[in-house]
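Let's take a short walk through this structure together.

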Amino acid sequence: MANSTTVQEIPRVPETIDFSAEEGKILTLWEKLDVFYTCLKQSKGKPRYSFYDGPPFATGLPHYGHILTGTIKDVVTRYAHQQGFHVERRFGWDCHGLPVEFEIDKTLGIKGPEDVAKMGISKYNSECRKIVTRYVKEWETIVGRMGRWIDFKNDYKTLYPWYMESIWWVFKQLYLKGLVYQGNKVMPYSTACNTPLSNFESGQNYKDVVDPAVTVTLPLIGDKDGASLLIWTTTPWTLPSNLAACVNPTLVYVRVKEISSGRVFIVLEPRAEFIFKQGDYEILEQFPGLKLKDLQYEPIFPYYKEMRKQGAFRVLIDDYVSAEAGTGVVHQAAYFGEDDFRVCLANGVITRDQDPVCPIDPSGRFTKPVTDYEGMYFKDADKPIMAALKANNRLYHVTQVKHSYPFCWRSETPLIYRAVPSWFIRVEHMSEELQKASSATYWIPDFVKEKRFGNWLREARDWAVSRNRYWGTPIPIWISASGDEVCCIGSIKELEELTGTKITDLHRENIDHLEIPSKIPGNPPLRRVPEVFDCWFESGSMPFAQQHYPFGNMKEFEEQFPADFVGEGIDQTRGWFYTLLVVSTALFGKAPFKNLIANGLVLASDGQKMSKRKKNYPDPMEIVSKYGADALRLYLINSPVVRAENLRFKEEGVRDIIKDVFLPWYNAFRFLMQNIEIYVQENNLPFRYFEENVGNSKNIMDCWILSFTQSLLEYVRKEMALYHLYNVVPRLTKYVDHLTNWYVRMNRKRLKGEGGPEDCKQALTTLFNVLFNIIKLMAPFSPFLTEHMYQCLKKLTDVDADSIHYLMLPQPNHSLIDSSIERAVSRMQSVIELGRVLRDRKTIPIKYPLPEIVVVHQDSQYINDVKSLEWYVLSEMNVRKLTVTTDKNKYGISLRAEPDHKVLGIRLKQDFKAVTAAIKALSDAEINEMITKGYRDIVGKRVELSEVRLIFKADDVTSSKYEVHSDNDVLVLLDVTPDSSMQDEGTAREIINRIQKLRKKAHLVPTDEISVYYKTSGDLARVASSHKEFIETAIKASFEPQDDCKSSDPIIIEEQQQLKEFNLNLILRGLRKANEAIDIQKEKLINKRKDNEAPIVKWVNIQLHKLKSQYGNGHTQGIVLLNVNNQLLSLSQLKSEISTIFGIYTEFDLRYTKGLIENDNQLHSLNGHTVFVLPAGATEKNNMLQASQPFCKVLNFKEKGIEGTLVLENPVGIITLEEKDYQKVINKWVENSQKKT
């Protein structure tokens, strides 16, 4: 009996938890304690761990991709802090460039440069500046709500003058190294944004499109047969700019006569069969392409006919022409294709300094001299150009082709390849140096560095860093009108000295007017070139610019360069990762980072790209509001994305983290605190946790969980040092399963004090230790829940840190690690899991004892390990006897083997068939030999044991008594023939189970003293009476027939149930604790509703049959309202509701007493009936009994003339609605009903 006064107040932990709401409280605590900045202050002076954060644009809200990368970065940097490092975490903002300008262009209706000129650059940039920080507050809120700790106060923005000045310095260093040049180069070009894009930008957004494919004739001048070359293109709009044709000098070409028309054409020999109709052509001549060199042809259009003087409209030769598509004769529009430009330049058709043959303006519209299509958008000109070709008898054939085409990543408009004057950084000559710098870095996963990134570096091209735009860091080059005098500026001070002007801002409107006097007497002053930097150049320079290097913070920069860690999505291999490497290698000859994590992409559940327009994904903040940020964090980093694979985002995955990880973990924590309270009350002794008391226990399960925890700590340290989040997170979540489903469950009685005070204290200390360690381990991954638990646990320790995040990760205590115990328990677990499968197979609940379990293994060490844990095997399996043996023949068991088709099939390919036959032919003795060695040479191939499936076959005698199962290692036989005494004990356990569930439903805690009274009949009364002492020991309360009740204590809860075809009426009496608000609330709930009240709207009972609920076998009954707000539920909606209520996500059928429910009409006729949920295809009709009352408690209401029903629990025993929320739900119901009317 507990004393009336207690020696220690133990914090009470609620039975249920709203993870998202608790996170809100933790955020308030962090804000109050200023926890993040306190961490930074505490670690100041410690060794630095440097981290660079790639800057996002603040013109849009964070999406799952940002949340994913942010979570990875937060985990890594939090862990580094835990390791004793000082980790500066500065947030950065990309403020310049196309994303901002495109928004302004859309808002202001700007179509091209002339519109900007009209309004003025100053006003245009002012508009850009206004929206740059549009969503900064939202970013701070969302990033903070996700639990990511990053410094927004000490941020960097690429628009800060000091940041821009460092960009100038970087560029000048490259200029002084001779790495900067200006040139015309064919580049991907966005007509919507009026600017060229870099090659890596153009590769970000390919789409499948359908374009016209035209075959056009080029009549050869002076040909004996009047032959024409045939060219093929999917860009008819480039044909007015045609200057040449190109063939491969070494490939074979043919002169072909088309029989039906009599015309002669020249094409590549392998392409003839694809161009001409079968049987309608004959080959007149074959020859190498070299023979066609310098032949002249008639121009397709007359716009540039004067260029014949410098060698245009002739056949050129080059190896790039292939036989894969087209005609083998490639149309050359020199200023609209990279190869076209190169070939025409090499053959003198064009020169570097001539006016480009490029009749397309920056907005993609035709200009002079192509007067026929002047002002027309290039894609719109395809049809009229084809019409002109047909009219001029130059169109041989037209069709359509579906192909992959690059689109602008910002405007979603098709790109063109167009020659534009640009400023370039020389990169091609640095390819080997870049590869060398990259080889010194460590990537997760490694294949991204070696393949995707490595291939990109091997093909590195010169980088066009200029943009013909306005809102960006101006390129700091001042040049004379003649172009022979150039000045590159590297600082604000330098510009001030050269112009005599005080400068406070470096944007175009502030410096474009500044002139630098010429050093040549009498020459006009130098003016700045009009271009600005590509925003990728700005973000690629952030290691220097964020520190305003080299103008300040020299020491800070040197301490943080190169960064210990960077991380972004895999798409940044051709973006930020690349630009970082190029800039750093060009300046300092080394990579700017040491370790890198490249994550995959988060896609919608259907595998498509997430789209706001399609609304094919749930809002991230709705998910956080529902399940909490910790659950979303853990779901994302426990997925393929941390291996650079893609993740199909599914809300149920986040929910499963709650169900499978957080709830069991929280329940173990709650169980600990409840039993510490019981220990204190029953023994009148205080409980304090002292680490030095850990490890004194001789209990093998205590030793196991302590060893297992320290091994986990060692493993996490090793894997985190390798940045293997994909190994760490699954191990951590699996640990929670081991803790809750093995240690806590197998030691419940000890933790409740049934082994005496000393044993109880030892068990509680052990559980406290492992929970205290696991919250430290999990703190970087789930910072909210670990903080919540810590705030409670720390009150029982001498630790005075205000936050879990102030604590360092402990070193593994090797004195607690015992590998032999871990091995033995692992083997015991395997045996028990196999035994559970056997019970499930025969549908024998664990409550019913069985005679014997037999464990067979040829390794005596294995047998000894299992035997050493015999008590746990007997207890967990609820069997009377454990038998262990190395002799399977004794039980009539023989072995046969089957190949693992998937594994071996992939590895062996054509040899698989022969190896399969040989594996199936192995004798029992040969298989045993293979088990001993771990492999076997079969038909000349080594086959590992893990590549075969072992199948145990039992003889008839064994099969009649035992169920047999194996995991390819150990064999388990379970005797499934119980006697009557075992059956009775199982029934008694059923009674205990019903009482405990009733206790839980009443929200009683273990310290609440109760008496239990029952009323039943027949065999159930006999078992209740004969097993009275057994039941009382289990429930720790008196258990008496209802007729013998003399107690005056009030009834807490009463319920009538069905058990073994008998009615069982249970009454729980006792006095609650006055201060327990949740119990008072429960009493109010019970008093408010009528017992067995039926819903006043259409409803059905739900009964699971041969399916398991996520809440356990006891929760198989529920209820669904078919009519809510006058809207009837469809059959598919009912199935969705059932999946949600019970957590069933496999296929299932719905039946009622007369058969399968197949349509909505059937369903709507079943008001008040029971719907049975069975595995898909199941036909069993037994045990389908119609219930007369609703399974779940409900509350009917009438408000403002509207009637409805609230479901208070669903499934049975799981409270879904607290009394405090009744009115809120009723109001919502009424509001929705009124809207509909």
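Start in S47, where Glu1203 is the bridge partner of Lys1198. Please keep in mind along the way that this is a predicted model. Strand S46 covers residues 1194-1199 and pairs with S47 in the antiparallel sense, over six bridges. The two strands make a hairpin with two residues between them, and in its turn Lys1200 has a positive phi of about 55°. As for cover, five of the six residues of S47 (residues 1202-1207) are buried.

Now move to strand S9, residues 264-268. Is this strand enclosed or open? Five of its five residues are buried, so S9 is largely enclosed by the rest of the structure. A residue counts as buried when its relative accessible area is under 20%.

S9 has strands paired with it. Strand S6 (residues 228-233) runs parallel to S9, and the two are joined over two bridges. Strand S8 (residues 252-258) pairs with S9 in the antiparallel sense, over five bridges. Look at Ile266 in S9: it is the bridge partner of Leu229 and also of Arg255. S8 and S9 form a hairpin with five residues between the strands, where Gly262 takes a positive phi near 80°.

Finally, come out to the surface. Here Glu833, Asp859, Asp967 and Asp969 gather in a patch of negative charge. Glu833 sits in helix H29, which spans residues 819-841. With a relative accessible area of 40%, Glu833 is partly exposed, a term used for values between the buried limit of 20% and the exposed limit of 50%.

How values were computed
Residues are numbered from 1 along each chain as its sequence is written. This is a predicted model: local features need pLDDT of at least 70, side-chain atom pairs count only at pLDDT 80 or more; totals for chains, interfaces and linings use all residues. Side-chain values use heavy atoms; hydrogens and water are left out. Patches are made of residues with over 30% relative accessible area and no salt bridge: like charges are joined within 9 Å, nonpolar side chains (Val, Leu, Ile, Met, Phe, Trp, Tyr) within 5 Å. Accessible areas come from the Shrake-Rupley method with a 1.4 Å probe; for residues, only the protein chains shown count as cover. A salt bridge is a side-chain nitrogen of Lys or Arg within 4 Å of a carboxyl oxygen of Asp or Glu. Lys and Arg count as positive and Asp and Glu as negative; His and the chain ends are not counted. The place of a charge is taken as NZ of Lys, CZ of Arg, CG of Asp or CD of Glu. Helices (H or I, at least four residues) and strands (E, at least two) are DSSP runs, numbered from the N terminus. Buried means under 20% relative accessible area, exposed over 50%, partly exposed in between (1.4 Å probe, protein chains only). Two strands pair if DSSP finds at least two bridges between them.
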